[in-house]
Amino acid sequence: MNKVALSASALLMGIAVTAIAQETPAPSLDGGYGLGRTALPEEIAAWDIDVRPDGLGLPVGSGDVWTGEELFVDYCSACHGDFGEAVGRWPVLAGGFGTLEGEDPVKTIGSYWPYLSTVWDYVHRAMPYGSAQSLDDDQVYAIVAYLLYLNEVVEDDFTLSNENFTDVVMPNQDGFFPDDRAEVEFPLFIQDPCMTDCAESVEITMRAAVLDVTPDTAEDDGAAEQPTAVVEEAAAEASGPDPELLAAGQDVFRRCSTCHQIGEGAVNRAGPVLNGIYMATAGTREGFRYSSVMSDAGAGGLVWNDENLSAYLADPRGFLSGNRMAFQGLRSDEEIAAVIAYIRATGAE
Ligand code: HEC
Ligand code: HEC
């Protein structure tokens, strides 16, 4: 037992610990617990980003529908579709009007959300998925303006700003009202319970966990999980690729796997399957709908050799402006080398 633990337990037992305390001072409560410090104003400001329905918390800024469309196509459409109609199981962001009372309600910003502040806050706080908080304030205003346009709340010449923000009325605003259950429902619940004509047996038919909304890359469509076999094989073989590098690459690839699958059973998702991509011509994975920029680059001779892959993964937009990979890029050369090694080994055809 070390001295700190000894003195702590001795303290707990209420024993005098002077002899030990001379060497290791006993914990003291003087001046608080000795943990943490007062948060700086800058730190509080960085956390305090919520926006309220009455506009409190909105930064100064503005953006128009057309700018928003361009940004949306670049940063959002890979998952949500060009018009918010959604790709695969990603969330639908537009339409769904008049479906709330039906069997299969389509809850979108236009059909369901009561306040514009939720849209602004959500996009600013959490999107694009995987690169949250990478958009600046004017970009968020522009994207929100485009989302309003897609949901038929504004015309295409609209500019949203902190000044006209609270003028926008969401279609389903009146579908929400302050919680009145205390007055409306409580009186019903305090009556004597009815204990006649009860159902004979009660069974659980569904669990809420089954209804989750975030597609889980592998399990949801029965496709392969992120393959680990090559990494294990490399570890077993003495020659061949460096197992540590492959393991590091497998780790980096998790960030790609929001959009890309690789290995046996891989299918196109938000991004193309990456099997056989090393040394392949850009934009040629079968069945994937590439941006015209990517297809044209392939037709112009772009091949995914080490140099081009590294440059693309370091800065997807800088390397090929207008391509649709909504990914910020990898910061370090080590990560890039590792993920390329992993892709070569796992996606070899
Ligand atoms: C890689 C895929 C992906 C990209 C790119 C992406 N999103 Fe999302 N988005 C999601 C997922 C997944 C959710 C649901 C998150 C959850 O509920 O856990 C979501 C939810 C949303 C929602 C809430 C939908 C609802 O009804 O609850 C909005 C609004 C939204 N995204 C806007 C955007 C915007 C704007 C962009 C671009 C700046 C963007 N997203 C980029 C995947 C993506
Ligand atoms: C948010 C989704 C997303 C993420 C995350 C993502 N990608 Fe992509 N990726 C795409 C899309 C979409 C394309 C197609 C771009 C186009 O058509 O303009 C693409 C294209 C590519 C291509 C070119 C494919 C071809 O057929 O020419 C490579 C290589 C690639 N991604 C590798 C990666 C790697 C490696 C990572 C992780 C470090 C990654 N991507 C992360 C969505 C993503």
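In what follows, Ala, Val, Leu, Ile, Met, Phe, Trp, Tyr, Cys and Pro count as nonpolar, Asp, Glu, Lys and Arg as charged, and the others, Gly among them, as polar. The structure is a predicted model, in which local features need pLDDT of at least 70 and side-chain atom pairs count only at pLDDT 80 or more, while totals for chains, interfaces and linings use all residues. Residues are numbered from 1 along each chain as its sequence is written, and chains are lettered from A and ligands numbered from 1 in the order in which they are written.

The shell around ligand 1 comprises 18 nonpolar residues, four polar and one charged. Among these 23 residues, Cys76, Cys79, Met127, Pro128 and Tyr129 come nearest (a residue is near a molecule if its C-beta atom, placed from the backbone, lies within 6 Å of it). At least two residues each are supplied by α5 (77-80) and α6 (116-126); helices are DSSP runs of H or I with at least four residues, numbered from the N terminus. Ligand 1 lies between domain 2 (62-175) and domain 3 (229-346), because both give residues to its shell; the domain bounds come from an automatic or database domain assignment.

Around ligand 2 there are 29 residues, of which Cys256, Cys259, Gly271, Ser291 and Asn323 come nearest. Its shell divides into 19 nonpolar, seven polar and three charged residues, and α11 (243-256), α12 (292-299) and α13 (306-314) each contribute at least two.

Confidence is given by pLDDT, the predictor's score for each residue from 0 to 100. The protein averages 85, and 84% of the residues score at least 70. Over residues 1-21, however, the pLDDT is below 50. Where pLDDT is low, the predicted coordinates should not be read in detail.

Definitions and conventions:
Two residues are in contact if their C-beta atoms, placed from the backbone, lie within 7 Å.
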